[in-house]
Amino acid sequence: MKVTDHIEAANGKTLFSFEIIPPKKGRSIQELYDNIDPLMEFKPPFIDVTTSREEYIYIDRDGLLDKKLTRMRPGTLGICASIKHKYEVDTVPHVLCGGFTKEETEYLLVDCQYLGIDNVMALRGDAMKEQKYFEPTNGGHQYAKELVEQIQQMNCGNFLHEVVETDNCADFCIGVAGYPEKHIEAPSITSDLKRLKEKVDAGADYVVTQMFFDNHKYFEFCDLARQYGINVPIVPGIKPLAIKKHLQLLPQVFKIDLPEDLVDAVEACKDSKAARQVGVEWAIQQSKELMQAGVPVLHFYSMGKSSNIKAIAEAIF
Ligand code: FAD
């Protein structure tokens, strides 16, 4: 079932969902299940599974370094299929521009269709570790909007090199990313919103936001988005701060601000356990306020660990 249909069927009730990251290569999928199991009592209608960019590794061959391209967390689609089957829940694979040719994307989407996956999250992806700026893969897309267009074309039976007349067209519901505090590369929030509008005009059905810790940023973003004619659901993404180091890491990696009160509370913590508790309480307050405002879904970034998400869900659902 489509994410947008779940939202419609909820009839104004806020839904619970979360995002997981595939385990590192060689690790067991059981680890993932162990983190999903405790969250299933909150009845997520869908679970997102991220995709990681490829990266270079250097292998020492008798003093000479051999540069190889690898993907440390493969398996997004396989995980989506196994979770869908095991928990009877919809899954949303994240599909990236970076690292994939258009043809590879097409094959991935065909597999999604065969597996009965109705939703995809269309993203550009970040620059690779060695790159300062995002560089499109040869034969791939430069911006998420182009990926949305490709998916929409498939929804109409138009493949890259063939038009197929079929009564079995894909019908993907397409999610895209939005940034309440602006995407790092965007010259201004309004420019970023215009780009978001382009993604929606190209066929995106809903938006999921980057994490934020100040709800006002989300509310302002939604108001502005509506002014720009973006009328699809805007799902807030919530990440509970979990360790003291997040005070530096989260702003650095995700280019977001942390509210002063949160920073002070975490700095006053003696250890990471206390910081984690502050993070949980902050996320509970955020979630309660968002729920009161009638957000369609509270979407949690689990980063592979579920105990804090469970504590938050217990307090609000
Ligand atoms: P785009 O929408 O393409 O935008 C990228 C930048 O280009 C923006 O600054 C935009 O304003 C600008 N822009 C867009 N179109 C144009 C144009 N025509 N001309 C000039 N500028 C333009 N990353 C992963 O690697 N894997 C994941 O699984 C993943 N999941 C995510 C989930 C969510 C909910 C979010 C919010 C982010 C996720 N990301 C993920 C991170 C994302 O890939 C990065 O933030 C990336 O840098 C931008 O992706 P995008 O889809 O927003 O790009």
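Guide: A polar contact is a pair of N or O atoms within 3.5 Å; within protein, one must be able to donate a hydrogen and the other to accept it, and residues adjacent in sequence count only if both atoms are side-chain atoms. The model is predicted, so local features need pLDDT of at least 70 and side-chain atom pairs pLDDT 80 or more, whereas totals for chains, interfaces and linings use all residues. Residues are numbered from 1 along each chain as its sequence is written, and side-chain values use heavy atoms, with hydrogens and water left out.

Visitor: How far does a polar side-chain atom of His 183 lie from an oxygen atom of the ligand?

Guide: His 183 is among the residues that come nearest to the ligand, as is Asp 192; near means that a heavy atom lies within 4 Å. A polar side-chain atom of Asp 192 lies 2.7 Å from a ligand oxygen. For the polar side-chain atom of His 183, the distance to an oxygen atom of the ligand is 2.7 Å.

Visitor: What share of the ligand's exposed area does the protein bury?

Guide: A backbone N or O atom of Ala 186 lies 3.4 Å from a ligand oxygen. Taken alone, the ligand exposes 990 Å², an accessible area from the Shrake-Rupley method with a 1.4 Å probe; for residues, only the protein chains shown count as cover. Of the ligand's area, the protein buries 85%.

Visitor: Which element gives the most to the shell around the ligand?

Guide: Helices (H or I, at least four residues) and strands (E, at least two) are DSSP runs, numbered from the N terminus. Strand E5 (90–96), strand E6 (119–123), helix H6 (189–202) and strand E8 (206–211) give two or more residues to the shell. The most, three residues, comes from H6.
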